Each structure stands twice: as structure tokens, then as C-alpha cells.
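Here is a briefing on the structure shown below.

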Amino acid sequence: MYQEMLQLTKELVGIPSVNTTPGEKKIGQFIENYIRDIPYFKEHSEQVIVQPLKEDPLERRNVFALLIGEKEKKADTIFFHGHTDTVGIEDYASLEAYACDVDELMEKLKEIKLPIDVKEDLESGDYIFGRGALDMKSGDAVFLTLLKEFSQKVNELSGNILVSFNPVEENLHTGILEGILILHELKEKYGLVYKLAINNDYICPLYPGDTKKYVYTGAVGKLLPCFYIQGKETHVGQCFEGFDAAAVAAKLVEKINLNTDFCDEFKGEYTLPPAVLKMKDLKEWYNVQTPNDAFVYFNYFVHNASMECTIDKLKTAAAEVFDEVLQMLHNRYKDYCRLTGQKYEKQDYQTEVLTYQELLSLVQKNMGSEELEKILKTMAEKALKDGMDKREIPIPLVRFLLNQAKIMNPVIVLFFAAPFCPHNTLQDKEEEIVSALRNITKRVGEKFEESYQLQRFFPSLTDSSYLKIDDDEEAIELLCRNFPEQKLLYPLPFHEIKSLNIPAVNFGGYGKDAHKWSERVNISYTFQVLPELIKETVDFYLS
């Protein structure tokens, strides 16, 4: 089994499946063929379900397979899921041509100077390198090989195993989101009860020298807070008469980016701080006018903070930034006046920060809600058809609303954009699952001399976010009211996810440097220990 997992990982890596490329279709086809070649699924072909993604020009698809235990007919079902796409390969630079060829890449790596830790792992013989080897084609290979093994002993299973392989995880999570429909259909058709979802996304050391292996019992949430800044333009010859939107954007980055004041704590675990993902002014060509408006957005992780608290925190930060930029403008103008002997006259602006919901409400007072809704939807549909980035489609909508509200002075508008990843973790009422995982990891750890630690939240983005939502209805509604055209730009099946409510954990292959050219997966743990961890879990639930 070890050698089959290793070889299958190499074959999967050998199918370049960079997100938003035709390779995502090809790897789905490969996985479908692999499953259909398993004797059990030759006899039960109707239990292999291929779900093409809706209106997808790349013809990507989800691949599901349901193994029905025959020892005792039970509804209990374990759900294995993994993603099949990868990030790009540009970071391999001169080695880009070998990024998806494990053996050739490792030979080429021997010819160049490597960081010490990378060189040691390469020479150890216990790692394989390549794009997707760690994130997460090795995890997919483990699931596929175990599926084949379990299919040979269905008479020993009192319950069922469902597997799902999904594209489009590395940006918008479209695969798993559309797959929610299939989960519901299979639940109804076969009377399934989803006891546990296991993702095999990668695990790695959390700090230098860390040798522990982690099992994550939940998923960190992700928001994408966006700030549209309307300033006051001016000619550079009268530069102190304006209010520079770009300066506000820069100050927002300084205030929020990597600031641990925005880390969210839950029962001793902290999120990573926000990280800026994009910042730009919105001038379309060169002239000597200062930027009138600017735009910035952040990755923002959440463990358990309420939506209301998060919005209040971001609004407060924006108001502080507004005041700080205004004070900087005053101070520098004073300095200039002292330098030149000019008379100082204070240019003042009222601090104004609005959420999208607040701005919308201002306009609704003078324009009927139905008419306004139709205008905004039409604008968003046109922008989407024209290929505008989904993060930026709200910009013309906000501009329109500001014009309708007759707001000409500087203002910051806060809204949210795609993607939104709900947070979840095993709660106190699910202590039985946590207790089982502690016992399982203890047994496997003792057998293989590994030290395990259970953590509440997988620290990176994961499809597991869409299997269970811990936010209440009020929080979801507040998010949607501040997410321009959410139903069009990022439709989420909130109700369907909540009705599934599958406890979701992450085991994963072990390695280092995911999303880097030195990405590598540890062979001995991933193909020996991890399979045992999964089999012990299946045995606990389905024996």
C-alpha cells in the first residue's frame, strides 16, 4: 500500500492542475477512471457520481464515490474529501518545466544550491518534491488507495464511506460549494447520517524545530473586508487643499496589516493577524491631480468573534486612520506655512466611515428599495459579464450610492467581498468526537512514536469551512447586508450547510513549504502513519 500511495502521488503531481487551468478537468477525469477501475465500483457504477460545475468553461467536475458497508446496514457515514487543484508553478523559476515531475525535479534540485533544511530533506530520501505533492495530492492518493482497500472488505464495515474530490479550492471553493447539493441528494437517497468529515489537507511544523503532528477539529473563518476611500482631489500645485485617498489606503495598511490587535482568540488559540492582499488608487491614467479614490482589502481570519464585533473593530480602525491622515495633513501644512511664511488656514473635514448597509440605507430613503435593488443588480451583472474581478465589482456600486446620497466629502466605506469562509470547530456538545480522536491519536502515536496535538482550528483556508457553520443566523444576515450583491457574486448555500452540519476534522499528509518551490511531503508519515490514523478512525465509527 505504501508503494501504491507513493506512485499514485507521483502520477497525480504529474497532472498539472493549477487553479483556473484545463488541468483541473484532467485530474478529475484521472480520479474518476481510477475509482471506476476498482472492482467494487465496476459492480456498483451508480455509486460513482460526477458533478460538472455549473456554467464552467473549463469543464471542471466534482467526483464522488459511495462505498456501502455490508456487515450491518447502517446510516452512519464517514466522509473523506480533498481538493485536486494547486497554486501556480511560476515560483519554480528556472525549474518550472520540472515542477510537476517528481523524479526529474529532485534530480535537478541536486544541481543547485539549496537552503540547508531543504538540502537535508532532499538527501534524506524521506521526502518527495513537486507542485501539489504536499498540498494536497499525497492526501488524495491516501484516500484513493484506502478507498480501494476498504472496497475489498465491505463485509467488515457497519456503515458507509463517501469520498469527494473537488476542484477550485485554492481561490473560491466552488467545487465543495456545489458539492453540497450532492451531499444532500445522497443523504436523502441512501438515508446517510454523516458522522464525521475528514480532510487530508496538509499539516506542517508550526515553528522551527516543531516535530508534533496536528489534528485539527475545525476550520478558521475568513473574511475579506474591503475599504473604498473617497478623498478630495486637487492639483499638485495646491496639494494641501485636497485629501489624498491613497494616503488613507496606505495608513489603513499600516494600521491593520499584521497587527495582532486584530487576532481573534478562542479557548487559547489565536488566529493569524490580518494581511493586506491588495491596495491601489483608482486613477486610470496619468495626470497631475491627486487620487480621488482608492481601494484596499485584507485577508481577515476569525475563530469565534461575532460579525458585529468584527465590523465595529474595522470601523473604529478606519475612523482612527481618517483622523490620523487629517492630522498629518494639518501638521505638514503648518510646517510648510512656517517654512514659506504663508498664513495657515485649517482645512477641515468631518470624519465619516460608513458600512455598505449604512450607505445603502441613506439612499433608500430617497429612492424606492425595489428600484434601487434592480439598478445595483444590473450594474453588478454587467460588470461580471465584462470580466471585472469580483472583489472590485462593488466599487462602481459604492460610487453610485455615494452620488445618490450626495456625499462629496471624504468618506471611507467598508464592505465585504468574496470569498467568505465560515469558521467552525467541535463544540462542547461534540466532546464525544474529541475524546475519540484523543484516544485514536494516542494509540497511533504510541505505535509509531509520534506526538500528536489536537488543535481547534486548521490555520489555513480549507473546504471544511463549508461543511458546518458556527455563526448564527443574525451574524450571517449582517454579513450579507454588508456584502454587495452577495447572491450574485458569491452565492453561498447557508441553509443547506447548516442543515448538514457535518463535524469536520483535518488529518493530512505531513510536509513543509506548501505554496513554495521547495514544497515537499514526508513519505514515511504520510504513507505509513496517516493511513493508520484514518483506518483507526473508520474502525471506531464503522466496525
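A search of the whole structure finds zero disulfides, a disulfide being a pair of cysteine sulfur atoms within 2.5 Å. Cys204 is in no disulfide, and the nearest cysteine sulfur, that of Cys263, is 17 Å away. This is a predicted model: local features need pLDDT of at least 70, side-chain atom pairs count only at pLDDT 80 or more, and totals for chains, interfaces and linings use all residues. Residues are numbered from 1 along each chain as its sequence is written, and side-chain values use heavy atoms, with hydrogens and water left out.

**Cysteines**
- The sulfur of Cys239 has its closest cysteine sulfur in Cys337, at 11 Å, which is too far for a bond.
- Cys239 is partly exposed, at 42% relative accessible area.
- Cys204 is also partly exposed, with a value of 23%.
- The exposure classes use a 1.4 Å probe and protein chains only: buried is under 20% relative accessible area, exposed is over 50%, and partly exposed lies in between.

**Domains**
- Domain 1 covers 1-220 + 423-467 + 502-542, and domain 2 covers 225-416.
- These bounds come from an automatic or database domain assignment.
- The C-alpha centres of domain 1 and domain 2 are 40 Å apart.
- Domain 1 gives 11 residues to the contact and domain 2 gives 11 residues, where contact means heavy atoms within 4.5 Å.

**Buried area**
- About 970 Å² is buried between domain 1 and domain 2, with carbon and sulfur atoms giving 57% of that area.
- Buried area is the accessible area (1.4 Å probe) that two parts lose on being put together, summed over both.
- On the side of domain 1, His423, Arg456 and Phe457 lose the most area to domain 2, together 47% of what that side buries.

- Between domain 1 and domain 2 the count is one salt bridge, defined as a side-chain nitrogen of Lys or Arg within 4 Å of a carboxyl oxygen of Asp or Glu.
- Lys267 forms a salt bridge with Asp428, and their closest N and O atoms are 3.2 Å apart.
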